[in-house]
Amino acid sequence: MAEKKQRIEVEGRELVLSNLEKELYPAVHFTKAHVIDYYVRVAPWLLPHFRGRPVTLKRFPDGVDGQAFYEKDAPKYTPDWVHIAPVPRRGGGPEIRYVAIDDLATLVWCANLASLELHPFLHRAPEIERPTYIVFDLDPGEGADAVTCAEVALLLRERLAKKKLKCFPKMSGSKGIQVYIPLNTPTSYSKTRPFAKSLAEELERERPDLVVSEMAKRLRTGKVFVDWSQNSDFKTTVGAYSLRARNDRPYVSLPVTWTELELLARDKNSARLQFEPQGALERLGEKGDLFAEVLTLQQELR
């Protein structure tokens, strides 16, 4: 069957979109056209969190039921107007040419590649040794869930408050919760990584019934893995407002308030904080970017 294509112009850039009717989330008939439409509409809130950051694209050319792959190097057919962030390889050799999603045209181009999930680094290019924030990825083990993660997130907030650090939560769009500590001051991964590790270990000592700081899955049953290892110059974390492709519905990785997490921990109704694209966009229209302060708040590790 001939591939259906459509030419459009986005901010003066010509793009060729293909297979717009292809269902990338077949269970709910969510097509590539729906994916592109969502990313166009969410762009005013998404782009500020991505500008200047190298991004790993998680592509699903055959939809969420098919094979997926992570793409780091920009493909050879990348348009010359797409911004590229070169990053040295840890093992030597040619630099990795990451895409930087700095504008709407690039975002649409990535969506057309069936890049359902967008995973930026914690730093911006070219300052690849300087993270702008610390992130904790709270990952529930078997027998735990988003409610358990909310309990751990609240413990983490309490611990950080004692260190006079403000933090911001977002739903991962999958099973867990992520907590961000904005820095936006001179620092390095050699400082943020051990800080994150020691804090995760503190929580584990304080609540061994609830928290585990080691990656081994056999240790996670009924507990939450506080993944501090994300704070590395070679690791990426799913970005704010990115779609997720972990199940058959297009959930969004969306910032939430601490009050909402307190209600989640109390009422134990995780469905209230699962957001699909339309709900996410309506919420953004009402509440705005709950992660805006992550871009501007300046804090130092003590």
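Thr 31 is buried, with a relative accessible area of 11% (buried means under 20% relative accessible area, exposed over 50% and partly exposed in between, with a 1.4 Å probe and protein chains only). The residue belongs to strand 4 (residues 30–31), and, neighbours within four places in sequence aside, Thr 31 is in contact with Leu 20, Glu 21, Lys 22, Glu 23 and Leu 24, contact meaning heavy atoms within 4.5 Å. The model is predicted, so that local features need pLDDT of at least 70 and side-chain atom pairs count only at pLDDT 80 or more, while totals for chains, interfaces and linings use all residues. Residues are numbered from 1 along each chain as its sequence is written, and side-chain values use heavy atoms, with hydrogens and water left out.

The protein chain comprises 7 helices and 14 strands (DSSP runs numbered from the N terminus, helices being H or I of at least four residues and strands E of at least two). Its radius of gyration is 19 Å, close to the 19 Å that the globule rule gives for 302 residues, and the chain is therefore as compact as a globular protein of that length; the radius is taken over C-alpha atoms, and the rule is 2.2 Å times the number of residues to the power 0.38. Of the 302 residues, 54% count as buried, and residues 24 or more positions apart account for 70% of the contacts with a separation of 6 or more.

The largest nonpolar core has 91 residues, and those with the most contacts inside it are Tyr 39, Ile 101, Phe 136, Leu 138 and Leu 261 (such a core is a set of buried Ala, Val, Leu, Ile, Met, Phe, Trp, Tyr and Cys residues joined through side-chain atoms within 4.5 Å). Helix 3 (residues 146–162) gives the most to this core, with 10 residues. Apart from this core lies another, of 5 residues, among them Val 87, Ile 96, Tyr 98 and Ile 128.

Most residues other than glycine have a negative phi, and most peptide bonds are trans. The peptide bond from Ala 125 to Pro 126, however, is cis, with omega near 5°, and Pro 126 lies in the loop between strand 9 (115–120) and strand 10 (133–140). Lys 164, although not a glycine, has a positive phi of about 60°; this lysine is placed in the loop between helix 3 and strand 11 (168–171) and is exposed, with a relative accessible area of 66%. Tyr 241 likewise has a positive phi, near 80°, in the loop between strand 14 (224–227) and helix 5 (258–267), but Tyr 241 counts as buried at 1% relative accessibility.
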